[in-house]
Amino acid sequence: LNFSFICRESSSIYVCRYLLAEGASLHIYDPKVPVQRIFLDLSEQTGKSEAELRNHVRIATDAYEAAKESHALVICTEWDEFKKLDYPLIYSTMKKPSFIFDGRIILDHDQLISLGFNVFCIGQKPPINKYLNQSPR
């Protein structure tokens, strides 16, 4: 599984640590945090060197690059930039089935589901996926 991350806050580091421990490959996009800081934080959390992490972690220059060929997109920030992304374009470049985990409950879930995404929210029951019938209740 590849996971794309649009992240900033420290909680995203813990999510990354867990996913790396499960064997996931991560594509991370964070416009505010330098690449070296991301690798330093991940190294501190995982106990792995930057060289080891680079086998499973790629830092993207934008959200579209991060999402390309990924199974899931995880939103860990509430910046307006992520509300305005071209989600039909993102969906078209992702592996299927495609998932979005909205950690800040900032996205239009009905629109995302209508595009074909499986949408999950942290802290909120997911909407019924009337199009694919795959969101659990």
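Strand pairing, cores and burial in a predicted chain

In β5, A72 has F99 as its bridge partner.

User: What kind of model is this, and how are residues numbered?

Analyst: The model is predicted: local features need pLDDT of at least 70, side-chain atom pairs count only at pLDDT 80 or more, and totals for chains, interfaces and linings use all residues. Residues are numbered from 1 along each chain as its sequence is written, and side-chain values use heavy atoms, with hydrogens and water left out.

User: What is the mean pLDDT of the chain, and which element has the lowest?

Analyst: On the predictor's per-residue confidence scale, from 0 to 100, the chain has a mean pLDDT of 85, and 82% of its residues reach 70 or more.

User: Why is C76 called buried?

Analyst: Buried means under 20% relative accessible area, exposed over 50%, and partly exposed in between, with a 1.4 Å probe and protein chains only. C76 is at 8% relative accessibility, so C76 counts as buried.

User: Why does C121 count as buried?

Analyst: C121 is at 12% relative accessibility and therefore counts as buried.

User: Which way do the β4 residues point?

Analyst: A72 and V74 point one way, L73 and I75 the other way, and all are buried. In a regular strand the side chains alternate between the two faces of the sheet.

User: What makes a group of residues a nonpolar core?

Analyst: A nonpolar core is a set of buried Ala, Val, Leu, Ile, Met, Phe, Trp, Tyr and Cys residues joined through side-chain atoms within 4.5 Å. The largest has 20 residues, and those touching the most other members are L73, Y87, I90, I100, L107, L112 and F117. At least two residues each come from α4 (63–67), β4 (72–75), α6 (87–93), α7 (109–115) and β6 (118–121). α4 supplies the largest share, three residues. Apart from this core lies another, of 14 residues, including I28, I38, L42 and V57.

User: What is I90 in contact with?

Analyst: Contact means heavy atoms within 4.5 Å. Leaving aside neighbours within four places in sequence, I90 is in contact with Y64, A67, L73, L85 and F117.

Terms used. Helix = DSSP H or I, 4+ residues; strand = E, 2+ residues; numbered from the N terminus. Pairing = 2+ DSSP bridges.
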